[in-house]
Amino acid sequence: MSARKKTSINNNQNEIQRDKNIQISFYRRTLIIIIGIISGILVLFSRAYYLQITRHDYYRTRSQKNRVKSQVIPPIRGNIFDRNGIALSENILSYDLIVNRAKSQKYEQLIEKINQYIRFNDDDLSKYNLDKRKKLFNQDIIVRSDLSQEEINTFSVDLYKFPGFEIVPSYKRHYPYGTLTAHVIGYINNINKKDKKTLDQREYSGTLKIGRTGIEKEYESLLHGQAGFRQAEVTKTGRIIRILDQIDPIPGSDLTLSLDLTLQKIISEELEKNEFNGAGVAIDPRNGEVLALYSNPSFDANLFVNGISHKDYNFLRNSPRKNLFNRALHGQYAPASTIKPMMALAALHHYVVSASTRINCRGYYRIPEYKKTKRFFCWKRSGHGNMTARSSIIQSCDVYYYTVGKELGIQRIHDYLAQFGLGKKTGIDLPNESTGILPDKKWKEKNYKKSWFIGDTINASIGQGYVTTTPLQLAYFTAILGARGKRYKPHFLTKITHPISGTTVPQQQTLSDIIQNNPKAWKNIHNAMVDVVSGTRGTARKMLLNLPFKIAGKTGTAQNFSFRNEKRLKKHELKQHLRDNALFVTYAPADEPVIALSILLENAGGGSESAAPVAAKVLNRYFRERKE
Amino acid sequence: MPNLVISNRNRFYLDIPLLILIICIMCISSVVLYSAGGVDKTLSQMVRFGIGLVVMSVVLFIPKGLIRFSAPIFYLLTIALLVAVELVGVNVNNSQRWLDIGVTKIQPSEIAKLAIPLMLANYFYVRKLPPSWKDIIVALAIIAVPTGLVLKQPDLGTAILVASSGCILLFLAGISWRLIIGSLILLVASIPLFWFYGMKDYQKTRVMTVLNPERDPLGDGYNIIQSQIAIGSGGVHGKGFNQGVQSAEFLPENTTDFIFAVFSEEWGLLGIAVLFTLYLLIILRCFQLTLKMSDNFSRLLSGSLIFIFFIYFFINVGMVSGILPVVGLPLPHFYSTR
C-alpha cells in the first residue's frame, strides 16, 4: 500500500520534473530561434550595407546612366464614314499641356500662373486634379488639353519659365456630327479598371480610350488597330535619346456604314420641329442596310470623349426628355395598329379568312363564348360595317382583328409575327438592342405567373396589351412587308478598309422568306397599305405627300391610358404623359421600295394626325435630295 | 497578426506595444506606396489595413478552447480544398493554385500554412513532451499530406514554407538534437538530387539568375538588377520622399513584391535600419508573450507562427536585395495585394 503510494508520488515528481525540463527545453530552443532570426536580419542588413555604402558609387552611376526602355506605340484609331463617304469621326491632331511633377519643383505655384497665358478655369482645374489623382508621381499629368494655336504661341514664348511643363501632340477623337449620330456611332472614352481585366494588355497598354457605345463599341476590335513596339535609349528621367528598334503600329480599319447622313439630318429636324420625343428608323428593304436611326432628343457625343464634366452629365441625366435614352434601339412601345397588315397576313396564311371574307363591325366586339362579359370597342364607336382584310387595313378597323385574332389564337399569332422579328433582337450591329415583347402563354406564365386569358389575345390582335416593339423593329417588319416576305438582317457595316489588306465587304447571312399559303395575300395587303395613304377612306389620306409615285403605309395610335368609363378623351383633355403614342410605318415607292421608314412620337396623339405628316415631310425631303 | 490571438489569459488580451509596432509599419507602408503607386493605391491599401485590424479584433474574442477544438476540422477542410484544387482548380501559368468559389478565387495553400501548426499544436497538447517516436511519425504525416499536395500544384516556394511551419513546431516541441542534425545532413545531401530531378527549368533559371543576374540583363535578370540599382543608389540617407526615380521608372511590380526597393531608394540605409528594428521588435515582443504562455498548445502554435512571419520578411527582403531567388512572397504588413 505505502509502496504504491510512494511510486505515485515518485511519478508525480517525475511529471513535475519532466514538465520543468520541457519548459527549459522550450526556453532554450526559443532562444536558439531568436539568435537565428537576429543573425538573419544582420545578414540582410549587411547586404543592404554592401549595396548602399560599399557599392553606392557604382549603383549611383548606373542609376544616372541611360537605359533601354520598352514602349508600346498605340495605333491610330480607324474612322467611320457614312454611305456617301462623309466622315462621321475624325482623329484631330491636338496639343496638350502636360506637367511632370518629378521634373518640376514648384509645379503647384506654377499652375496658378497658367491662366495668364491660356484658358484655365474651374472646369479645367477639376479635370487636372482628377488626372493628378490617377497618375503616379513621375507620370505626365495633363494640365489642359486642346490648346488653340494662339494659346500655343503665347505660352511657348514663356515655356522656359515653367520647368517640367511641356506641350505635346496627341490625337483626339472628334465626331463632326456628334449630336446627329450619337445614338449610332456612340463614343469612345477612358479605359477603366474593369476594361483592363478583359483587354489584351500588350495591345492596349499605350491606348487610353476604348469604344464605349454604338458602332465604336461594336467594332472596337476593327477600329483599334495593332499596337507598335519601340525599344529606346532613355535618360534617367525617361526622355528618349535614341530609338534602337521599332515596330510601327498598324492603324485601325476604316468603316463605311450604310447610314445616310442626309436622311438622318432630315429625320432629326422634322422630329425636333415640334419638339417631339421619339424616333425614326429607315431601312433599305432590298438588302437590310440601315439608312437612318435617330432618337430625339439626342446629345453631343463629343462631351463624353474627354470625360464629361459633372455639370453636363447631371444635366443630361436629369433631363426630362431623357437625351441619353436611345429610343430607336431601347424604347419599347406598343405597335398598335401597325401590326394589322401582319395580322391579316397571318389570318390569310392560316385560312382563317379569305381575302373576300366579310366581318361586320358594329363598333364593338364580344367574345362569342362569353357573351355577357365586357365589350371590346373599335376606335370608331359607330362601327365600320362590313370589313374585308383590305378595307380593315385601310380604315384600321379593330373589330375585324379582334375576330381573326380570336380565331387564330395567341400561339399562331406569336409564331407568325415572330417571323417579322417581333419579340427578339433584329441582330443589328449595335450593342444591347432591346427585344420588345411578343407574348404567348408560356411568356405570361413565366413573367406574370398568371394563365393566359382570351382577352389578352384580343388585345394582342391590335398590337396592344403586352405587345411591345422598338422603333427599329417597326422599321424592320415594314422592310419585310415592302420586300413581300424577303428578309434581310438590318445592319450598318457595309465596307471595312484595312490599311494593309485593303477593302472587304462583310457577308450578310441570308434569312429564309416568310411563309404564306395564300398566293394573293402579299398583293392584297400591299394594295391595302397603298390605299391607307391614297384611298379616300385611308387613315393617312391627309398626310400631304408631294411625290411622283405612290407609297404604302400604316398608321398606329397606342394608348398609354385605359379608359375605364369606356369613353375616349380628346387629346387636349389628357395630361401630356398620358397622351397616345403616334406611329406611322411606310415603305416607298410602293411598287419598288427603296426605303422602309418607321416614325414613333411619344405622347403626340394619333398616328394619322401626328406621325404620318412627319413621315410625309421626311419622305418628301428625302426623295427631293436623292434626285439632286 | 496571429501572435495576439493566443494570449496567456483565457479572456481576450490586446497587446498594446505590439499593436503600436504594427501600426508603425502600416504607416511607413502607406507613405512608400504613395510615392510608388499614387493616391488611389494608397487609399485602397489603407482600406485593407482597416479590414485587417477589424478581423484581428474579431479574432481576439474567439476563446482559445474553440480555436483548439476547431483545429482538426480546419485541417481536414484545408486538405479537402487542396484536393479540390487538384481536381477543379483554375490553371494559371501552368500551375494549379487557385480555387474559384464563385464570389472570389482562393489559394488553399495559403491556408495550409496556418492549418499545419494549428493541427500539430493541437496534437501535442494532449500528449507528453518531448514527443515519442510514434508521435513524431504521426506529426510528420500531418505535415507531409498538405505539403505533398502543394508540391503537386506545383508551388515549390509555398511547399517549403508549409513544411517549415510544421518542422519549426516539431523543433520547439523538443525532438532530440540527434534527429535534428541527422535530418539536416540528409536535407543538404539531397539538394543535388533535387536540383537534377525535382526542380522545373524555370525554377533553376531563377536560382541561376540570383547567382549571376547579368546573364540576361533584359530578361530574367532585369528585376533583380533594377532593384539592386534602386537600393544601391539610395545610399545612407536615400533620395528622399517621392524622389525614387530608379524604382518608379524601371522597376515593374514596384507596388507589390518589390516595394522594399522603393523604400530603400527613398529612405536609404537609415530607413532600412529603422524598418528592420521595427520588424525585430515585433518578433521579440511576440516571443516574449509566447514565453509567458502556460500551455503547450499556445506556446507551440505561437512560436511557429512568429517564425513563419520572419520567413516571409527574410525571403522578401532577400529576394529584392538579390541574395535569394525570386519566389513572390510579400513583405508582411507592408502590402497585401498583387
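Which residues form one aromatic cluster with F45(A)?

**Figure 1. The aromatic cluster of F45(A).** F45(A) forms one aromatic cluster with F260(B), F263(B), F276(B), Y279(B), F307(B), F309(B), F310(B), F313(B) and F314(B). Rings of Phe, Tyr and Trp (its six-membered ring) pair if their centres lie within 6.5 Å; planes under 30 degrees apart count as stacked, over 60 as edge-to-face and the rest as tilted. By this rule, 33 aromatic pairs are counted over all chains.

**Figure 2. Two edge-to-face aromatic pairs, F120(A) with Y128(A) and Y123(B) with F124(B).** The rings of F120(A) and Y128(A) lie 6.4 Å apart centre to centre, with 70° between the planes. Both F120(A) and Y128(A) are buried, where buried means under 20% relative accessible area, exposed over 50% and partly exposed in between (1.4 Å probe, protein chains only). For Y123(B) and F124(B), the values are 5.5 Å centre to centre and 75° between the planes. Y123(B) and F124(B) are likewise buried.

**Figure 3. The surroundings of G40(A).** G40(A) belongs to helix α1 of chain A; helices (H or I, at least four residues) and strands (E, at least two) are DSSP runs, numbered from the N terminus. G40(A) counts as buried because its relative accessibility is 10%. Leaving aside residues up to four places away in sequence, G40(A) touches F310(B) and F314(B), contact being heavy atoms within 4.5 Å. Both F310(B) and F314(B) belong to the aromatic cluster of Figure 1.

**Figure 4. The interface of chain A and chain B.** Chain A contributes 43 residues to the contact and chain B 59 residues. Between them the chains bury about 4700 Å², 67% of it on carbon and sulfur atoms; buried area is the accessible area (1.4 Å probe) that two parts lose on being put together, summed over both. In chain A, the most area is lost to chain B by F26(A), R29(A) and Q52(A), together 16% of what that side buries. On the side of chain A that touches chain B, α1 (2-54), α2 (56-64) and β1 (67-73) each supply at least two residues. The largest share, 25 residues, comes from α1(A).

**Conventions.** Residues are numbered from 1 along each chain as its sequence is written, and chains are lettered from A in the order in which they are written. In this predicted model, local features need pLDDT of at least 70, side-chain atom pairs count only at pLDDT 80 or more, and totals for chains, interfaces and linings use all residues, while side-chain values use heavy atoms, without hydrogens and water.
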